Amino acid sequence: MKNLLHALLFLISLDVTANLGVTEDFIKRFSSLPSYTDVDISPDGKMISVITKMPDDKKGLTIFDAENLSLINTISLTNEEEVASYFWANSTRLVIQVGYYDKKMGVAQLASTFLLTLILLNQHIYSV
Amino acid sequence: MRSRNSKTNKSVLDKMSAGFVENILEDDDRHVVISAYPFAKSNTGSFVTSIRLNVYNGQQKKLGKSPLAGGQVLTDSKGIPRFAVGSDADNNSVTMYRASKKDDWQTLSKTPYGEGEVYPVNISKDGATIHILDSTQTSTFQLKKIDTLTGETEVVFHHPKFDAYPQIIDDEVLGATTNPGYTQAYWFEIDSELQNSILQAIQAFNGSIEVFNQKELTVVALTKKRDKAILVVRDSVSSPKYYLYDMSKNQMKYLLTMWPEIEDAGLEAEIPFNFRNSDGVRIYGYYTKARDQQEGEASPMIVIPHGGPHARDTWGFDPDTHIFSQAGYAVLKINFRGSTGYGKEFTKLGFGEWGGDTQADIIEATEWAIAQGIADANKIGIYGGSFGGYSAAMAPILRPDLYKSSVAYIGVFDLQMLYNEGDIKGIKWGGKYLDKTLGQDSEKIRSMSPVLHADRLDAPIIIVSGEDDQRAPVEHAYALADALKKEGKDYELIVVPKEGHGFRKPENRFMLYKKMLEHFSSTL
């Protein structure tokens, strides 16, 4: 009886898949947001940076050593804010453009905020 | 830990502005240039201000205001605003230039919307050479080089059929690409160490990993000494991938896969095609076979018209394509009349033809795919977003025999409503833009408005809208649903809260894909 039930359940799940043509897992993966975008290299070539999807689907910034690809730092923002874009102002300083996910509008927007960041200490020395 | 000291937390821009980093001032480690736009008015003709920002202490200095409302400002290597591009109240495309901070702004070009434009693409570090794209005299863009001292102008690249996209890396104009189907690269015959390095990189790449399909390789970053570069490699069947290229060692190192979630083996490639339509105009597009579709075997097909309409599809990786292809549908995309990339004359052919010649191209491309044996004539569905959503309603109205099922996503369905609702009419030049793209023949506009022809919309349709959509307000979806209800037609309306013109949240994208697959599966 238990085996029959299993077999029935198996048939039902097969049927659902056949109906869609692909598995739900496939749709789920293709509905996701990209994990890594906007890769850049510091002007002196020592560090590689990349906008990274954080566990909450917001965008943060990760910095690697260009030689051995070891992790140097991760920068993620709080609340509704995320890293919209960033630039290497020089080999130790980043300008991060803050974006925020507007719950009301349902769209990602640029905030009028730029973070001037010293990479190694992960300290925003100034935020404007 | 992030420390934001409130005392130092003053705004570059006033609180009602947004901006972006326009110029990192490569030879100045202490400053960048920001283009600032007043927030609420960014679409309605506010004047861009260029601001020099000290990246150590946050000090700001205003470098000047754009002489043109809206649009963009391009600064030179010293941060001096030199080009302004924008639209005037009559929806003319205007480009202005000045030789130095002391000189007055001069109008380089002023043309009615659609009649070509001048767009600056590079100012050399020494200021001696400027490159512009110019389509005021030709249908497709000419890439021109201007000597700023003598004023001498040279056309460095022009393709008579396809728009040129210049390839500029670190101040050097190395070549140009066109996009007929696949991207075509043209390298200029110049004596350039950088160009040699990049050509070497392409060879190193081809030698070090297997290349099954055609791939596109782009340099996205370069060190100051030009000894290392970040490359991105793209194709139509897998996630883009990042590589680090060491020029001196001629070594390619794999870094990251942009979208590891979707790395799947055996996805079907996008294949460029073209055909001559019944008006004698060559139309380009892309098709993708259904999973396991054999040569000569007709498959159910989903037609996906792009948005815009003055935009285009390009070859590359598109999750929509693979969702349908893997679910057993061939996929068809069309750069119909009105699309960009094939010259301004081709774009103009779409003006006033939203429901006319543009739909005719979508329909004829569909018939082309049937004639080629790619698609099963009895199992054609249509799905699109924005203008594609409009087409997903309009094409089945025009050809109920051809399109048996539809999903219209974030679309516009009541063309007269475009003048009254949404953000386009709020833009200073918006009304003029609508007059151009929709035309001014009210009888014709009525004939192209889906809400007025719901009686002919026989294809079961799902209408999907984001409740906070500013471009194609949810009222369009309600209007079409009401019209279909009155006619007793088969429709479903899905309005998703807290989404706008294109869904961002993975759970909403998942819902949409699943709904579409269920819908097409049960109706085709």
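Reader: Is α5(B) mostly covered or mostly exposed, and how many of its residues are buried?

Author: Mostly covered: eleven of the twelve residues in α5(B) are buried, where buried means under 20% relative accessible area with a 1.4 Å probe, protein chains only. Bear in mind that this is a predicted model, in which local features need pLDDT of at least 70, side-chain atom pairs count only at pLDDT 80 or more, and totals for chains, interfaces and linings use all residues. Residues are numbered from 1 along each chain as its sequence is written, chains are lettered from A and ligands numbered from 1 in the order written, and side-chain values use heavy atoms, without hydrogens and water.

Reader: What do the buried residues of α5(B) pack against?

Author: Contact means heavy atoms within 4.5 Å. Here the partners in chain B include α4 (357–371), β24 (375–385) and α8 (474–486).

Reader: Now a charged residue: which side chain of opposite charge is nearest to Asp313(B)?

Author: A salt bridge needs a side-chain nitrogen of Lys or Arg within 4 Å of a carboxyl oxygen of Asp or Glu. Asp313(B) is buried yet has none; Lys333(B) is the nearest, 4.6 Å away. Asp313(B) also touches Tyr286(B) and His306(B), among others.

Reader: And sheets: in what order do β9, β10, β11 and β12 of chain B stand?

Author: Two strands pair if DSSP finds at least two bridges between them. These four form an open antiparallel sheet, β9-β10-β11-β12. β9 (118–123) and β12 (153–158) of chain B each have a single partner strand, so one side of each lacks a neighbour in the sheet. β11 (142–147) and β12 of chain B pair over five bridges, and Ile146(B) stands opposite Thr153(B).

Conventions
Buried < 20%, exposed > 50% of the residue type's maximum accessible area, 1.4 Å probe, protein only. Lys, Arg positive; Asp, Glu negative; His and termini not counted. Helix = DSSP H or I, 4+ residues; strand = E, 2+ residues; numbered from the N terminus. Lists of a residue's contacts leave out its neighbours within four places in sequence.
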